[in-house]
Amino acid sequence: MIASIAEAKGYVKIAIKCENKNAKKARLLYLKASQFYLQDAQKQNNPLYLQMAKYLYNKANSLKTKTHHTSSLKTDDSIKPYRNLTIGFDDICGLKEAKQSIKEKIILPFEHPEIYKVYKRTAGGGILFWGPPGCGKTLLAEATAKEAKAVFYNIKISDILSKWVGDSEKTITDIFGKASKEPSVLFFDELDALAGERSGQDSSFGRRLTNHLLSQIDGVGTKQNKILVVGATNSPWTIDTALRRPGRFDEIVFIGPPKKEARKQIIQHQLKGTPVSANLDLNHIAEKTKNFSGADVVALCNDAVNIPLKEALEKKSIRPTGTADFDKALEKRKTSLDSWFKEAKTQLLKIQQQDIFKEVFDYAY
Ligand SMILES: Nc1ncnc2c1ncn2[C@@H]1O[C@H](COP(=O)(O)OP(=O)(O)OP(=O)(O)O)[C@@H](O)[C@H]1O
Ligand SMILES: [Mg+2]
């Protein structure tokens, strides 16, 4: 085997490993590998290498389309405004009721404050997305900003707590100050990291920060309705009840696992641009992924596509991904949500908030 093909294979192996975690890196590695195959295909007039180059090129591009569904936000630079957002409500599969409720509860009042004022509906206040991991809370927050034609601030509470201890209050004041200059969505992710009163942790710092955040949110109504506050948490049972008083995060929306049709759409989207069998039984795969989170479905698609890809690397001919590949991938990948639902039910019953956060009890996990 010639050196560059060996190198290309090395790239593909790393790309397969990292594509679920870092699609951008995987995409670049696939592109690099594709170039190597192309070079050697031309040098040696080898049709298999040419086919392989095309296949890897398409694979790289399929990851590019995926970033359409995958938030492009960076975690290390979270306090800057994001403009030119790429994800709108139409790019998020399912979650119809959640989208409708976001439109009615926050986007319309945000866009038409004058009409709401006539009917003495108070401005301000935020919305809290809650639910299991990997089901679209961050995606929806970003899409909310796009729908509201606002800029987006992605603020992870853990970032504020860890990076700027001592200065966190000032950081929050600065963000609200900056955001009040133009229509903005302030997304406070991992609200539970504020360690509310029930967490049992030493939370004096968290409490100070909570109070500061609340005073800023309370002031939003006076800032000419330029700021929309969205929060998210996986564990609403740890959230300080003060956060949910009127005028604060007083609207709560459950973001749950994708239903069958939504799972089909996610699969179709993930396979776009790659060779797919004409007989692919989407219905069957959607049935088999009943309790999966959106992120689980995405990971399953990657596992399935990697089967024909690996075969192709071993010099067999290129073939499309089929139902059998999904069945094989399903042997190893199960829903990641079992433990979350169990914990959620136990905790909510314990603190007797099963009526407020009732949706989890609709699921048979
Ligand atoms: N409804 C959906 N439509 C399309 N893709 C989805 C959907 N739900 C989840 N995904 C996929 O799963 C990934 C994770 O979603 P997201 O980051 O929004 O989850 P989350 O609810 O914020 O999770 P966490 O609680 O861990 O922060 C997305 O980048 C996307 O690829
Ligand atoms: Mg998230």
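## The sheet

Let's start with the open sheet, whose 5 strands run in the order β2-β3-β4-β1-β5 with parallel pairing. Strands here are DSSP runs of E at least two residues long, helices are runs of H or I of at least four, and both are numbered from the N terminus; two strands pair if DSSP finds at least two bridges between them. Because β2 (151-156) and β5 (251-254) stand at the edges with a single partner strand each, one side of each has no neighbour in the sheet. From one strand to the next, the twist averages 20 degrees.

Inside the sheet, β1 (residues 126-130) pairs with β4 (residues 227-233) in the parallel sense over 5 bridges. Phe129 has Ala232 of β4 as its bridge partner.

## About the model

This is a predicted model, in which local features need pLDDT of at least 70 and side-chain atom pairs count only at pLDDT 80 or more, while totals for chains, interfaces and linings use all residues. Residues are numbered from 1 along each chain as its sequence is written, with chains lettered from A and ligands numbered from 1 in the order in which they are written.

## Around ligand 1

Ligand 1 is surrounded by 22 residues (C-beta atom, placed from the backbone, within 6 Å), and the closest are Pro133, Gly136, Lys137, Thr138 and Gly294. Helices α6 (137-147), α10 (260-271) and α12 (294-313) each give the shell at least two residues.

## A helix pair

The axes (lines fitted to C-alpha atoms over the stretch in contact, with angles from 0 to 180 degrees between N-to-C directions) of α12 and α13 (residues 323-332) come within 8 Å and cross at roughly 125 degrees.
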